[in-house]
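Trainee: I would like to go through one part of this model closely, and then see how that part relates to its surroundings.

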Amino acid sequence: MNGADIFKKLLACNLDFKEFDWLENQGLSDFELLISVILTQNTKWDNVLKALDNLKNAQISSLEQISNLSNLELATLIKPSGFYNTKAKRLKELANKILDTYSDIENFKTNVNREWLLNIKGLGFESVDSILNYLCKREILVVDSYTQRLATHLGYEFENYEDLREFFESGIENEQENLCQILEKKYELFELYQIFHAVIIAFGKVAFKGAKLTLEGENLIQNLKEE
């Protein structure tokens, strides 16, 4: 079994994954996609949307404006996302470093690399890969705690994030045409990775209650294990 096999089997489970706001950039600007990567840490997506609405209502829509806000002003606006003081500091640091190095988001999207992002305080592998995939449209799969739990229940163990990501990416490029046929639409590889991530999250939401596997989750795992 490889990543493409798991992707196909999850699609056959008819999970509802199409409502995610970040999928295919549904209504979110590049600025919102970028800052949402920090806002979403340790919180629910609904809380991120509330914070984004606050910024929009305050007419904050650029990195320059983020940079010019005080930590207190920014923290107040993003309060719904939780850990707002820490996130305000991290957002300002990210905004300043992007402006200093790349001048604007467009240049950043084209030229940033993974190593540069991993040197930013507060950005781990998952956050960095989210920026690269969703904002920069790079061919890289975002894996998260649901991905790790799915792998474990399928009988796979990985030593680190990179091994987990590479396993779930495996086979997808070779099966790109077949996956597009299943989805009934032509997608670029980076878009297929976005959809796979969304499907895994949809799986996780129905398969787990806290750390425990639900009855529906047990049935889904059995379906995935079947040849």
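How many of the 11 residues of helix α9 are buried?

Mentor: This is a predicted model, in which local features need pLDDT of at least 70 and side-chain atom pairs count only at pLDDT 80 or more, whereas totals for chains, interfaces and linings use all residues. Residues are numbered from 1 along each chain as its sequence is written, and side-chain values use heavy atoms, with hydrogens and water left out.

Helix α9 spans residues 125-135, where a helix is a DSSP run of H or I of at least four residues (strands are runs of E of at least two), numbered from the N terminus. Of its 11 residues, 9 are buried, so that the helix is mostly covered; buried stands for under 20% relative accessible area, exposed for over 50% and partly exposed for what lies in between, with a 1.4 Å probe and protein chains only. The buried residues are S127, V128, D129, S130, I131, L132, N133, Y134 and L135. Their cover includes α2, α7, α8 (114-118), α11 and α13, contact being counted when heavy atoms lie within 4.5 Å. Just after α9, K137 takes a positive phi of about 60°.

Because R165 lies in helix α11 and D129 in α9, the pair ties together parts that are 36 residues apart in sequence. R165, like D129, is buried. Salt bridges with shared partners join R114, D129, E162, R165 and E169 into one network.

By this rule the model has 10 salt bridges. Another of them pairs D30 with K109, at 2.7 Å from N to O, and it links distant parts of the chain, since D30 sits in helix α2 (residues 30-39) and K109 in helix α7 (residues 105-111), 79 residues apart. Here D30 is partly exposed at 21% relative accessibility, whereas K109 is buried at 16%.

Helix α13 (residues 189-207), which is among the elements covering α9, also packs against helix α10 (residues 145-153) at an angle of about 70°, with the axes 9 Å apart. These axes are lines fitted to C-alpha atoms, for helices over the stretch in contact, and angles run from 0 to 180 degrees between N-to-C directions. The two helices are therefore roughly perpendicular, a label for 65 to 115 degrees, while under 35 counts as roughly parallel, over 145 as roughly antiparallel and the rest as oblique. From α10, Y146, T147 and L150 make the contact, and they meet I200, I201, F203, G204 and K205 of α13. These residues divide into 5 nonpolar, 2 polar and 1 charged, with Ala, Val, Leu, Ile, Met, Phe, Trp, Tyr, Cys and Pro taken as nonpolar, Asp, Glu, Lys and Arg as charged, and the others, Gly among them, as polar.

Technical notes:
A salt bridge is a side-chain nitrogen of Lys or Arg within 4 Å of a carboxyl oxygen of Asp or Glu.
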